[in-house]
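Good morning, and thank you for making time for this presentation. I shall take us through one model, from its strands to its core and then to a few individual residues.

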Amino acid sequence: MNRNFTAALLMSAAMLSLSAATVAAQQSNSANTMPGMQMDSAKAPDGSAAAKLGDLDISGGYVRAMLPGQPVGGGYITIHNAGKTDDKLTSVTSSAAGKVELHEMKMEGQIMKMREVKGGVTIPAGATVTLSPSGMHLMFKQVKEPFKQGGAVPVMLMFDKAGMVDITLPVTSPQGK
Ligand SMILES: [Cu+2]
């Protein structure tokens, strides 16, 4: 084995262990603060789900694949209220999870934490509310099978005025792509 080749091998081994360390650090970081939440992209991926319900236009719906050991799944959706009266997303259910909570992100000191939004999420008349990785989100708990990229998660959204709608959210990569 010549010296250059050995050097190249050593170098790529070093780079591999470096990137493995980075991934491990990111995972343990997200596990400590907010399991399953990645703060990078807020944009809905291509192929995200859409639906229409009365005055409500629903778009950008997707869930992220769960990392090994991740206890909960995150879902994201955009709701536009084209009507003249406020509506409210009161609850969400899914056959893929024991329960689905509406969560929000809040800074507590230096730490981003999430907590349940009680009483539902108001969708004001004429406004658009986006549940995205950097803010409110759907939190799937007691997930029956960990969400896998390429899969689909059916959810039922219940609104105060518009009623309920079934929508199937595609599962993206853990990074939301
Ligand atoms: Cu959450």
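Two strands are said to pair if DSSP finds at least two bridges between them. Helices (H or I, at least four residues) and strands (E, at least two) are themselves DSSP runs, numbered from the N terminus. With that in place, consider β5 and strand β6 (residues 111-116), which run antiparallel and are joined by 6 bridges. Met105 has Met114 as its bridge partner in β6. The hairpin of β5 and β6 has 2 residues between the strands, and Gly109 takes a positive phi near 65 degrees there.

Some conventions come next. Residues are numbered from 1 along each chain, as its sequence is written. The model is predicted: local features need pLDDT of at least 70, side-chain atom pairs count only at pLDDT 80 or more, and totals for chains, interfaces and linings use all residues.

On confidence, pLDDT is the predictor's confidence in each residue, from 0 to 100. The mean pLDDT of the protein chain is 83, and 76% of its residues reach 70 or more. Over residues 5-40, however, pLDDT stays under 50, and the model has 30 contacts beyond four places in sequence for them. A contact here requires the C-beta atoms of two residues, placed from the backbone, to lie within 7 Å. Where pLDDT is low, the predicted coordinates should not be read in detail.

Let me turn to the overall layout. The protein chain has 1 helix and 11 strands, and from the N terminus on the order of elements is α-β-β-β-β-β-β-β-β-β-β-β. Of the contacts between residues at least 6 apart in sequence, 70% join residues at least 24 apart. Buried residues make up 27% of the 177 residues. A residue is buried if 20 or more other C-beta atoms lie within 10 Å of its own, exposed if 12 or fewer, and partly exposed in between, with C-beta atoms placed from the backbone.

Next is the core. A nonpolar core is a set of buried Ala, Val, Leu, Ile, Met, Phe, Trp, Tyr and Cys residues joined through C-beta atoms within 7 Å. The largest one has 29 residues, of which Val100, Leu138, Phe140 and Val153 touch the most other members. Elements giving two or more residues to this core include β2 (56-64), β3 (73-81), β5 (97-108) and β9 (137-143). In soluble globular proteins, nonpolar side chains tend to be buried together.

Not counting residues up to four places away in sequence, Phe140 touches Val72, Gly73, Gly75, Ser94, Ala96, Ala97 and Val100. Ser94 sits in the loop between β4 and β5. Is Ser94 buried or exposed, and why? Ser94 counts as buried because it has 20 C-beta neighbours inside 10 Å. Ser94 and Phe140 are 46 residues apart in sequence, and their C-alpha atoms are 8.3 Å apart in space. Beyond four places in sequence, Ser94 touches Val100, Phe140, Val153, Pro154 and Val155.

Three further residues complete the picture. Gln142, in strand β9, has a positive phi near 50 degrees although it is not glycine. Most residues other than glycine have a negative phi, and most peptide bonds are trans. Gln142 counts as exposed because it has 11 C-beta neighbours inside 10 Å.

Lys106 lies in strand β5 and, with 11 C-beta neighbours inside 10 Å, counts as exposed. Neighbours within four places in sequence aside, Lys106 is in contact with Lys113 and Arg115.

Finally, Ala65 is found in the loop between β2 and β3 and is partly exposed, with 19 other C-beta atoms within 10 Å. Its contacts, leaving aside neighbours within four places in sequence, include Phe147, Lys148, Val171 and Pro174. Ala65 and Lys177 are 112 residues apart along the chain, yet their C-alpha atoms are separated by 9.8 Å.
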